[in-house]
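Here are a few friendly notes to read alongside the model. Please keep the sequence and the structure in view as you go.

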Amino acid sequence: MKKPFFSIIIPTFNRAHLIQIPIKSILNQTFEDWELIIIDDGSTDNTQEIVTGFNDSRIRYFWQENQKESAARNHGIVRAQGEWICFQDSDDAYLPDHLAVLYDGIKNNPEYKCIKTGLIIYQDGKEIHRTDIKPSFKYDTFPYEAFTTGCYHRLVFDTIKFDERFFAGEDLHFILQVGLKHAIKILPTWTGITYYNPENSGRMGKNYESRIKNHRACLRDVLIWNQTLIQPFLIRARCLNEMQLFSGHLKYNRYKLLEAILSNIAVIFKYPMAYLRLSFEILTKNKL
């Protein structure tokens with residue numbers, strides 16, 4: 001049996017109402033040599049019914065006990081048969097030429113093991129941002145932004161997997177590891193779409209505490225071993241962790257405010273200028 005060129009992995013958990021968005025965008029690809037691997041991370045809704053309702057043999061569904069995003073993606077990697085592996089989120093989409101653009105990029109740049117395009121971000125039906133396709137040098141995550149628009153040769157996964165300790169920031173943690181070992185080729189076009197919703201991240205919703213603390217741990221780990229040019233971005237994100245934790249406690253758990261105050265003081269002493277710059281930005285925009 002011929003193996004597909006691309007394997008696309010989507011982890012999902014109770015997203016039956018959204019999972020059709022990425023699936024339909026993949027079915028609409030102009031490049032058709034792919035398989036789609038859905039890793040259902042213990043959903044209790046009708047996700048399986050929705051996924052298996054698509055009558056396409058290229059779509060493969062697997063269920064696992066809930067272990068969070070990193071474990072689900074690692075499970076997908078084990079199942080993948082393609083030479084190149086892609087990742088998508090369960091509520092985002094590819095434009096129709098996404099895989100075709102990646103395929104041409106791979107053929108034209110055979111020395112690369114990681115190739116990416118740009119990402120278009122929408123909020124409330126309006127485009128609010130396009131990720132960088134060249135360095136901009138201001139809190140710049142280039143070339144590590146837009147994790148879901150990338151593809152990775154399967155040899156990358158011989159030495160790099162998703163760190164299963166982390167379920168917030170795990171995608172950046174992964175691609176930073178990739179970047180330390182492999183050059184990343186950015187193709188000068190935008191072929192992915194994400195639909196931004198602050199509640200979806202969990203850091204501004206009722207389950208804010210576990211996600212903020214996990215993201216904090218993830219950033220602490222990255223800042224130990226990563227000294228790339230995006231370090232100012234990472235430090236800024238680390239400061240934002242504590243501000244968001246304070247905001248969450250203020251809204252949901254005021255009896256924990258002392259804990260948040262002490263955490264903010266600690267990060268102020270560690271990154272004073274970054275914290276002050278971020279505080280000024282938040283105050284002038286009146287937005288956290």
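Predicted model: local features only at pLDDT ≥ 70, side-chain atom pairs only at ≥ 80, totals over all residues.

1. Residues are numbered from 1 along each chain as its sequence is written, and side-chain values use heavy atoms, leaving out hydrogens and water.

2. The chain contains 9 helices and 9 strands, counted as DSSP runs (H or I, at least four residues, for helices; E, at least two, for strands). Its C-alpha trace spans about 60 × 40 × 35 Å along the principal axes.

3. Of the 288 residues in the chain, 53% are buried, that is, under 20% relative accessible area with a 1.4 Å probe, counting protein chains only. Among contacts (heavy atoms within 4.5 Å) between residues at least 6 apart in sequence, 75% join residues at least 24 apart.

4. How many disulfides does the structure hold? The count is 0, where a disulfide is a pair of cysteine sulfur atoms within 2.5 Å.

5. Cys 114 is buried, at 0% relative accessibility. The closest cysteine sulfur to its own is in Cys 151, 7.1 Å away, which is too far for a bond.

6. Cys 151 is also buried, with a relative accessible area of 0%. The cysteine sulfur closest to that of Cys 151 belongs to Cys 86, and the 5.1 Å between them is too far for a bond.

Notes:
Buried < 20%, exposed > 50% of the residue type's maximum accessible area, 1.4 Å probe, protein only.
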